[in-house]
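Have a look at the sequence and the model, then read on.

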Amino acid sequence: MKVIKEKHSLLMRWTHWVNFPILTIMIWSGMLIYWANDEYTITLFGHKFFSFFPEWFYHALKIPHRLSEGMAFHFLFMWFFALNGVFYVIYSVISGEWRELVPKKNSFKEAWLVLLHDLHIRKTAPPQNKYNAAQRIAYTAIIIMGLGSLITGLAIYKPVQFYYLTRLCGGYHFARVLHFVLTLGYVFFFIIHIVQVILAGWNNFRSVISGFEVINEPAELITETPVQPTTANGNENN
Amino acid sequence: METKTTKEKKELTVEQQINRRNFISFAGFAVLAGSAFGGWRWLSNSPEETAGITAGAKAPLRRALNNTELIFRNFFSSNHLVKTYPKSRAAKHVRVNSDIGIESNKKFDPATWKLEIVKKGGEILQITLDELKKLPKTELIYDFKCVEGWDQISHWAGVKFIDLIEHYHLGEYTQMQYVGMETPDKAYYVGIDMPSAVHPQTILAYEVNDKPLPLGNGAPLRLIIPVKYGIKNLKRIGTITFSNTRPRDYWAEQGYDYYSGL
C-alpha cells in the first residue's frame with residue numbers, strides 16, 4: 001500500500017530551484033570577468049599542468065572580450081544569489097529544518113559508511129532521516145561555500161570600503177583565489193550531485209519538486225493506522 | 001453540489017492524491033521554469049541603452065549598475081583608506097596598460113603644459129607644474145587595481161586633490177556632485193563623484209618611484225585615485241571641470257559601470 005511521506009518544504013524547493021539558474025549565471029558571468037586576466041594555472045615544480053582555461057573552452061562558450069558585460073550581469077545577479085541564500089538560511093533557522101541538515105557528532109564517521117555503501121563496498125547504510133550523514137556534510141558545506149562566495153566577492157568588489165573583509169580573506173589576491181576555488185567547488189558539487197540524483201531515482205527527484213516521497217508500507221500497518229490523517233496532513237503542508 | 005464535492009475529496013485514494021499533487025507541483029514548476037527562461041530571454045535580447053553619458057550596456061543592466069551604485073555609495077567613507085605598503089614592495093617597472101589620449105605619435109610638449117581648471121562662468125585657472133610642486137607633496141604606495149583583474153603595488157607622489165582645491169580657494173566647488181577630467185587632446189576623459197575626488201588618498205601625481213612621471217605613465221600630471229579602478233586614473237590631465245551631472249566618461253561609454261568604485 002502506497003503512503004505519502006512529506007519530505008521537502010516549499011521554501012526549500014523554491015530556493016533550491018531558484019539558486020540553480022542564478023548560480024549558473026554567476027559562474028558564466030564570472031568567467032567573462034576572469035577571462036580579462038586569466039592568470040590561474042595548476043603548476044607543480046615548474047611544470048604547468050593546466051591553465052584556467054584552455055582557448056577551445058573560451059571559444060566554445062563565447063567568453064572572450066565580454067568583461068563589461070560580465071561585470072554588469074555579475075553585479076545584478078549577485079543580489080538574487082545573496083537574497084535567495086539569506087531566505088533559505090533564515091527559514092531553516094526559524095523552522096528548525098536546520099536540525100535535519102547540519103552534521104551531527106557522528107555524521108563524519110557515518111559519512112564514511114555512506115560512501116562505502118554508495119560504492120557498493122558495504123551492503124548496509126546507516127539509518128537516516130531526511131538526509132544521510134554524507135548529505136548533511138555536503139549540503140551544509142554548500143551553504144557555507146555560498147556565504148564564502150558572498151564574503152570573498154565583497155572583499156574583491158569593494159576592497160577599500162570593505163577593507164575588513166579583504167583582510168579577513170587574507171588580502172585581495174587570496175580573496176580572489178578563494179572566490180575562484182569556491183566556484184570550482186560548485187562545479188565539482190554539481191557533478192557529484194547530478195550523479196547521486198540519477199542513482200537515487202525518480203521518487204527522490206520528485207520530492208524536490210512535489211515535496212513528498214511515496215513509501216510502500218506493509219499491508220498490516222495500513223489496517224492499524226487509517227490513511228486519512230497522513231493525507232489530510234499532507235494537503236495542509238502543500 | 002457543495003457537499004458532493006467535499007465528499008468526493010474525502011474519498012480520494014492515495015494514488016489519486018499522489019497524481020493530483022504531482023500534477024499541481026510539476027505544472028507549477030513548469031510555469032516557473034518557463035517564466036525564468038522567458039525572463040532570461042527578455043534580458044539577453046533587451047536593447048542597448050540609448051547612448052549618452054553611459055553607453056554600450058543593455059538597458060536593464062545599466063539600470064541595475066546605477067542602482068547598485070546608489071546602494072554601495074552608502075558604504076563609502078573618506079575614513080576608509082586603501083592599504084599602503086613600504087617602499088620596498090613597490091614595483092620597479094610600473095605597468096603601462098593603455099595610451100588612449102597620450103599616444104606617442106601625438107604632439108605634446110610637457111614643458112608648455114598647464115593644468116586648466118574651469119571655474120564658474122567659464123573662467124579658466126591655469127596652473128603650472130612648478131606651482132603644483134610648491135604645494136605639500138603626498139606620497140602613496142598602494143595596490144593599483146585594474147578592472148581587468150591585474151593589480152600592482154606602485155609608488156606615486158603628487159598633490160592631494162583636496163589640497164589643490166583648498167590652496168586655490170575652490171572649496172565651493174566641492175559642493176557640486178562631480179569632477180570631470182580630460183586629457184589635453186580630449187580623447188580620454190573621466191567623471192568622478194565628489195566624495196571619491198576629495199578622498200584623502202586621491203592625488204594628482206607628478207612622480208612615480210621618486211622620479212618625474214614618464215610619458216607612458218601620464219606625464220606631467222595624472223590622477224591617482226585608489227577608491228577607483230585604473231580606468232578612472234586619467235593620465236596627462238589637461239582640464240578639470242565641476243558639475244552636478246555626470247561628466248562624460250570614456251569607459252562608461254563602453255559598457256562599464258560609471259561609478260567603478262572600490
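**Notes on the two chains**

1. Let's begin with α3(A). It has 29 residues, which at 1.5 Å a residue should span 42 Å, and its end C-alpha atoms sit 41 Å apart, so the two agree. (The expected span is 1.5 Å times one less than the number of residues in the helix.) Helices here are DSSP runs of H or I with at least four residues, strands are E runs of at least two, and both are numbered from the N terminus.

2. A word on the ground rules. This is a predicted model, where local features need pLDDT of at least 70, side-chain atom pairs count only at pLDDT 80 or more, and totals for chains, interfaces and linings use all residues. Residues are numbered from 1 along each chain as its sequence is written, while chains are lettered from A and ligands numbered from 1 in the order in which they are written.

3. Back to α3(A), which bends by about 30 degrees at Phe77(A). The bend is the angle between axes fitted to the seven residues ending there and the seven starting there. Phe77(A) is also one of the buried residues of α3(A), as are Phe73(A), Phe81(A) and Tyr88(A). Buried means 20 or more other C-beta atoms within 10 Å of a residue's own; exposed means 12 or fewer, and partly exposed is in between, with C-beta atoms placed from the backbone.

4. What do the buried residues of α3(A) pack against? Their partners are α1, α4 (98-101) and α6 (133-157) of chain A, together with α3 of chain B. Just after the helix, Gly96(A) has a positive phi of about 85 degrees.

5. Now the meeting of the chains: 30 residues from chain A and 34 residues from chain B take part in the contact. Contact means C-beta atoms, placed from the backbone, within 7 Å. On the chain A side, α3(A) gives the largest share, 8 residues. That side divides into 19 nonpolar, 7 polar and 4 charged residues. Nonpolar covers Ala, Val, Leu, Ile, Met, Phe, Trp, Tyr, Cys and Pro; charged covers Asp, Glu, Lys and Arg; the others, Gly among them, are polar.

6. For chain A overall, there are 11 helices and 4 strands, and the C-alpha atoms fill a box of roughly 70 × 40 × 35 Å along the principal axes. Buried residues make up 23% of its 238 residues.

7. Chain B is assigned domain 1 (2-44) and domain 2 (59-254), with bounds from an automatic or database domain assignment. The C-alpha centres of these two domains of chain B lie 58 Å apart.

8. Some backbone spots deserve a look. Most residues other than glycine have a negative phi, and most peptide bonds are trans. Lys62(A), in the loop between α2 and α3 of chain A, has a positive phi of about 55 degrees. Lys62(A) is exposed because it has 9 other C-beta atoms within 10 Å. His169(B) also has a positive phi, near 55 degrees, and counts as exposed with 9 C-beta neighbours inside 10 Å.

9. Which peptide bonds should you check? The one from Phe52(A) to Phe53(A) is cis, with omega near 0 degrees, and Phe53(A) lies in the loop between β3 (47-51) and α2 (55-60) of chain A. Another cis bond joins Ala219(B) and Pro220(B).

Key: Two residues are in contact if their C-beta atoms, placed from the backbone, lie within 7 Å.
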